Amino acid sequence: MLVRQLTRQLTTSLNTALSGVAEAITRVLIDLSPTSNGFYSLGSDFAPSGDYTLECDILQDGGLGSSNSVLFGNASASTTYIGTLSNGTIRFRVNSGTTGISIPAPFLNSTKLIKFKAVSVSDVVTLSLSGTIIATFTETRKPVIGVIGNYNLPSTFAVWGGILSNPRMLDDVTPASSLEFKLDQLTANTETNNGVTLTYQNIGTANTIRDTYELSADGTQLISDLRTIDIA
């Protein structure tokens, strides 16, 4: 019975691959660019107890590095932020008064959603963009994140200028403290995960800001009412 079931699954997968039919992927995308100080705030800070993973899909107007923009930040102090600088680098600063780490991005692309990931294992942090490692360094301090797409000062940083989707803040030591948000509300301004409420701050609901996109499995957008977006 198990062999017959496995054979059927393999045959179905092979037939699907040979037919060239790709199952559509549908996602709500929210563009922070047209909003006035639009960002997301957490009802409770994310503060990992040890190893952690931070990740999200990003697209920045004009490509990464077109402005100083924040992905993850601290709501009450300017000590933690992860974002991109106008000179084309990615800045990683954690609970510190020092300059932090700046790394040149390996590629700039304004037509693809790029997966940003920061993984800390035993205080060794690895940053990557769509699977390409851009930096590895040691950082013993842990981030305290209260906002997404913004943070508290300095004013030289702006809210995220583009699309920020599917943020995940994973506590790899204490999984129960992990937070994942789809950012998929077309009209509502809150969503809740793991008992923590995320609030959409100053984000309009017009379809020039929030809209549903249907993407094929190979990353080609099937509708193009707002912009052309691929999944890198």
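**Buried residues and aromatic pairs**

Trainee: Why does Tyr200 count as buried?

Mentor: Tyr200 has a relative accessibility of 3%. Buried means under 20% relative accessible area, exposed means over 50%, and partly exposed lies in between, with a 1.4 Å probe and protein chains only. The value of 3% falls under the limit, so Tyr200 is classed as buried. This is a predicted model, in which local features need pLDDT of at least 70 and side-chain atom pairs count only at pLDDT 80 or more, while totals for chains, interfaces and linings use all residues. Residues are numbered from 1 along each chain as its sequence is written, and side-chain values use heavy atoms, with hydrogens and water left out.

Trainee: How many aromatic pairs does the structure hold?

Mentor: There are two aromatic pairs. One of them joins Tyr40 and Tyr200, with 5.1 Å from centre to centre and 85° between the planes.

Trainee: Why is the pair of Phe92 and Phe137 called edge-to-face?

Mentor: Their ring centres are 5.4 Å apart and their planes meet at 65°, so this pair is edge-to-face. Phe92 belongs to strand β6 (residues 89-93) and Phe137 to strand β10 (residues 132-138), so the pair ties together parts that are 45 residues apart in sequence. Both Phe92 and Phe137 are buried.

Trainee: How do you know whether Val119 is buried, partly exposed or exposed?

Mentor: The relative accessible area of Val119 is 23%, so this residue is partly exposed. Val119 is part of strand β8 (residues 112-121). Leaving aside residues up to four places away in sequence, Val119 touches Tyr52, Thr53, Val124, Val125 and Thr126; contact means heavy atoms within 4.5 Å.

Trainee: What makes Ser128 count as buried?

Mentor: Ser128 has 11% relative accessibility, so Ser128 counts as buried. Ser128 sits in strand β9 (residues 124-129). With residues up to four places away in sequence left out, Ser128 touches Lys115, Phe116, Lys117, Ile133 and Ile134.

Technical notes
Rings of Phe, Tyr and Trp (its six-membered ring) pair if their centres lie within 6.5 Å; planes under 30 degrees apart count as stacked, over 60 as edge-to-face and the rest as tilted. Helices (H or I, at least four residues) and strands (E, at least two) are DSSP runs, numbered from the N terminus.
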